[in-house]
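Please open the model in your viewer and keep the selection panel at hand. The stops below are meant to be visited in order.

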Amino acid sequence: MPTQLPPLLRRMVAALLAAGPRGLTPPELAGAVWGDSHSRENSLKSAASKLRSVLGDRLPAGGAAGYRIQLADGDEYDVDVFRHLVEDAGVLRERGDLRGAAAALQDALGLWGSPPLPELPEHPALLGGVRRGLLAEHLSALVAWYEARLELGEHQPVAAELRREVAEQPNAEPLWQMLMTALYRGGARGEALRAYETLAAHLAAAGGEPGALVRQLRDEIAASSPPAGRGGVAGRPVPAQLPPDTPDFTGRRSEVEKLTELLAGDGAAGGVPVVGISGLPGVGKSALAVHVAHRLRPFFPDGQLFAHLAGMSRPRDPGEVLGELLGALGVTGPEMPATGTERSALLRSLLAGRRVLLVLDDAASAQQVRPFVPGTPGCAVLVSSRSHLAGPGIKSVRVEPLPGEEAERLLGDIIGEERVSAEPDAAGQVLQVCGGLPLAVRIVAARLSAAPHWQLSYFAGRLADRAKVLDALTVDDMAVAASIALSYEALPAEAQAAYRLLALAGPGSFPAWLVAMLIGVDDAEQLMQTLLVRSLITAAGVDAAGQPRYRQHDLLREYSAARLAEHGGEREMAVHRLLMGWLELVDRASSRISHEPYYPPPDGLGMRGWAPAEARALIDADPVAWWQASITNVLGVIRLAAAEHRYHLAVGIALRTAPFLYRQSQGRDAADMWRTVMQAAGTARDARRTAEARHRVASLVSRQSDDDGLGLQRAVGMLDECVQVFSEVVERRGWARSLSLRAYCRYKKVVAGMRGPEALDLAGEDAEQGLHLARVMHDAYSEFTCLRVQGLIASQRGRHEQARHLCEEAVTIAHKFALATGERAYEAFATKALVKVLLAAGEHEQALDRARHGRVLAAAVGHQDGAARFAELAGDTLAAMGRAADAAAAHEEAAALYVETAAQERCRRKSAAAGQGLRATAQ
């Protein structure tokens with residue numbers, strides 16, 4: 001009756017049986033069981049006692065004399081049975097009974113475990129010799145069994161089994177010799193020769209070379225003609241499982257070249273190249289993989305295998321897929337291993353020494369790919385996956401959306417180039433919606449092909465409704481939404497929520513902390529990595545604050561918006577968190593930079609708790625860098641607040657964003673921002689907020705450079721409305737500022753020659769009324785702006801002393817602002833007006849001195865456009881003083897500082913004029 005023993009006792013029994021009647025001394029037995037004899041005396045006695053309880057008298061008392069097993073009558077060794085069966089097989093073979101011989105050898109080999117002699121150690125030396133002798137007997141019987149089966153014509157199963165054997169015993173020459181024989185007799189002559197090369201490589205690595213018998217067999221196979229019926233394994237055709245290449249495959253030249261180099265070039269020399277293609281849903285990963293695989297067919301003459309792993313839907317069982325691949329290589333029926341591990345090992349054996357390309361489509365991860373990777377050089381693995389595959393030896397190629405010209409060429413290839421060229425603008429609109437995704441372009445092309453009477457402009461109009469765009473990008477079994485859904489549904493629940501909420505992040509790039517703010521957590525980096533690895537977002541570089549940024553493809557954002565709409569409560573809470581978080585951040589960031597001098601600084605809110613600590617820390621470290629990195633997102637969230645009818649929050653964020661836009665001379669962005677706020681407040685019938693936003697727009701429009709003065713005319717018209725509304729609701733601050741700004745616009749129209757001197761009277765009345773309102777309210781900021789414009793009006797009238805007095809008074813008020821708050825933007829703004837009136841009065845030295853001081857002030861507040869304006873004024877003053885060379889240099893410097901093209905050209909004209917004057921004087 002079989003007895004189950006623990007591993008330690010099994011090793012003890014095996015060692016004693018192998019030692020025979022001689023037995024083993026205690027140190028020898030300890031070395032056999034534990035690998036050493038150090039302090040094992042008590043452990044050995046305890047183990048022997050346990051074994052004696054099982055074997056009884058068969059294990060006599062040992063002690064210092066040693067230990068041995070004494071067989072009783074009727075006991076026998078399995079090795080004796082094995083040897084008798086091998087002898088019987090030899091007799092049967094001599095009689096010509098090959099089947100009987102094979103059966104006897106199979107019974108003999110069945111007495112061995114797998115691997116053979118797992119419990120018998122090589123230590124001590126006595127047992128090592130016994131072990132090697134027994135293994136040699138096993139190998140000899142194994143070879144005899146395979147020889148008998150080969151003579152019976154079992155080439156195919158023998159080859160399959162031998163591949164597993166040589167994988168486990170790579171230096172066993174007799175087994176390789178049998179494998180070469182089985183392959184050759186089965187019709188795989190080339191594979192038999194490659195098997196020899198693989199053996200030679202193994203032996204060379206161990207410092208040896210194949211023996212004479214194997215070399216002779218190699219020479220005989222090489223000199224012979226290929227047996228009839230040559231195919232893949234054992235007479236089967238060479239596997240060519242690749243799906244058809246896409247006939248109108250377009251673009252991807254650099255990706256194709258890189259993949260070809262990695263799979264067939266020098267990259268394959270050091271082992272089995274495994275290359276993953278990753279990218280967004282619908283970007284064409286599978287099509288690229290198949291296209292490249294077809295190009296690589298000459299490099300892999302032993303076949304191309306293809307398997308769809310369904311990683312993004314219901315990942316297939318690796319054992320099932322391995323079974324399909326093994327079937328393609330000739331393994332069928334009872335030869336097919338039962339477990340996935342065995343099938344993976346057999347696949348490696350079958351592919352050893354061959355050049356086969358494996359294409360694995362839609363893998364979920366590197367772990368799903370691992371069972372399919374061959375173990376020896378010569379083969380290659382190409383994987384398509386929405387996930388970025390990472391692991392030892394895996395190379396990755398990311399596929400981005402098609403560039404515009406390639407997407408247009410693909411559309412033209414399908415629907416006809418003449419149809420695209422007939423409506424280029426409409427074609428551009430359609431392709432813009434597709435966003436470079438080949439799947440989307442093919443769906444659009446399929447729909448247009450099915451409806452040849454449709455104009456592209458008609459279909460572009462249908463795609464303009466963003467809420468329905470995913471429905472429009474569906475035809476037959478192709479759908480962009482369905483493709484994205486596979487990735488979305490494979491995400492963990494927390495990552496799904498993050499992906500949905502990204503719809504609120506807008507079309508630009510965004511940092512991880514923005515997602516944390518959306519979700520309401522402190523750190524979302526891990527979630528972002530999950531979405532990045534799954535190709536639902538893409539990396540978008542590093543921003544000015546040093547933070548990694550990400551981007552979501554437009555169509556993926558449409559899908560996330562659709563899913564978010566299904567979670568109304570979640571969306572409502574996220575929008576609130578987002579707006580409050582941004583308000584907190586811009587309030588903090590605005591307080592750390594200089595303000596625009598046209599308006600008083602907004603009140604500090606001192607908010608905390610809505611924004612992540614990481615974002616607050618970035619602002620504290622470098623507020624300007626944070627603004628530069630975040631301004632696009634801020635402008636987007638203002639549009640979101642307006643669209644969500646939360647215009648009060650839109651106003652609050654805009655007020656605190658305006659100073660940075662002023663500092664950066666982003667006047668058009670600022671005007672668009674305030675127009676958005678104005679429309680939202682107007683829709684809500686909030687007359688006061690609408691007027692405040694209109695005033696901001698008017699201020700920005702009045703500063704735009706144009707030759708016909710339309711900007712000034714529009715500004716005056718808007719300010720007329722502002723004055724009326726503020727006077728009706730008795731909002732004196734807005735009323736005073738609107739009067740002051742309207743006075744300035746009227747003054748500028750006179751300076752530009754658009755109106756006569758009589759218009760200065762209207763400007764003066766506005767400024768005087770505004771100043772009265774400011775002083776009644778004790779509003780120093782409104783008083784400051786009114787005094788400044790009064791000074792400019794007086795200067796235009798030739799009242800230079802009065803002009804100087806008014807502007808110096810404005811400078812004094814602004815200086816008090818600087819002393820109280822440290823804010824010097826107002827002082828720079830007032831100084832600019834003072835330079836103008838001093839220049840007009842002919843007080844050139846003072847004007848030049850003030851211009852240089854103003855340059856310092858502008859630099860202190862980080863206002864480059866202000867610094868440029870002071871450089872230009874310095875150049876004007878130097879020109880008036882007759883210092884042409886200095887004037888030309890100052891105007892060139894101003895041109896280099898200005899951001900606006902019109903201002904640059906104006907300064908260059910002044911510099912050229914000064915240069916001409918200098919040459920004329922020299923002549």
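Predicted model: local features only at pLDDT ≥ 70, side-chain atom pairs only at ≥ 80, totals over all residues.

Residues are numbered from 1 along each chain as its sequence is written, and side-chain values use heavy atoms, with hydrogens and water left out.

**The largest cavity**

Begin with Tyr598, Ser740, Leu741, Thr785 and Phe829, which are the closest to the centre of the largest cavity among the 14 residues that line it. A cavity here is a set of points, on a 1 Å grid over the protein atoms alone, where a 1.4 Å probe fits but cannot get out, and lining residues have an atom within 4 Å of a point. This cavity holds about 200 Å³ of space, where a volume is the space filled by probe spheres set on the points, and grid points are joined across faces, edges and corners. The structure holds four cavities of 30 Å³ or more.

Next, colour α32 (687-702), α34 (732-751) and α36 (780-796), each of which supplies at least two residues of this lining; helices (H or I, at least four residues) and strands (E, at least two) are DSSP runs, numbered from the N terminus. The most comes from α34, with four residues. By class, the lining has six nonpolar, five polar and three charged residues, where Ala, Val, Leu, Ile, Met, Phe, Trp, Tyr, Cys and Pro count as nonpolar, Asp, Glu, Lys and Arg as charged, and the others, Gly among them, as polar.

Val730 is partly exposed, with a relative accessible area of 46%; buried means under 20% relative accessible area, exposed over 50%, and partly exposed in between (1.4 Å probe, protein chains only).

Then move to His778, in the loop between α35 (759-777) and α36. His778 also is not a glycine and has a positive phi of about 55 degrees, and with 73% relative accessibility His778 counts as exposed.

**The second largest cavity**

Now select Arg163, Val166, Trp176, Leu179, Leu183, Glu191, Ala195, Ser349 and Ala352, which line the second largest cavity. Two or more of these lining residues come from each of α7 (155-168), α8 (173-185) and α9 (189-205), and α8 gives the largest share, three residues. The space inside is about 50 Å³, and the lining divides into six nonpolar, one polar and two charged residues.

Stay with α7 and select Arg164, which is partly exposed at a relative accessible area of 26%. Which residues does Arg164 touch, not counting residues up to four places away in sequence? They are Glu335, Pro337, Leu346 and Ser349, where contact means heavy atoms within 4.5 Å. Arg164 and Ser349 are 185 residues apart in sequence, yet 5.5 Å apart in space, C-alpha to C-alpha.

**Enclosed helices**

Go to helix α12 (residues 285-295), where Lys285, Leu288, Ala289, Val290, His291, Val292 and Ala293 are buried.

Helix α24 (residues 512-519) is the next selection: seven of its eight residues are buried, so α24 is largely enclosed by the rest of the structure. The buried residues are Ala512, Trp513, Leu514, Val515, Ala516, Met517 and Leu518. Just after α24, Gly520 takes a positive phi of about 95 degrees.

**A helix crossing**

Finish with helix α23 (residues 493-501) and helix α27 (residues 568-590), whose axes come within 11 Å and cross at roughly 65 degrees; axes are lines fitted to C-alpha atoms, for helices over the stretch in contact, and angles run from 0 to 180 degrees between N-to-C directions. To see the contact, select Ala497, Arg500 and Leu501 of α23 with Glu570, Ala574 and Arg577 of α27. These contact residues divide into three nonpolar, no polar and three charged.

Technical notes
1 Å grid on protein atoms, 1.4 Å probe; cavity = no way out; pocket = protein on both sides within 12 Å on 5 of 7 lines; lining within 4 Å.
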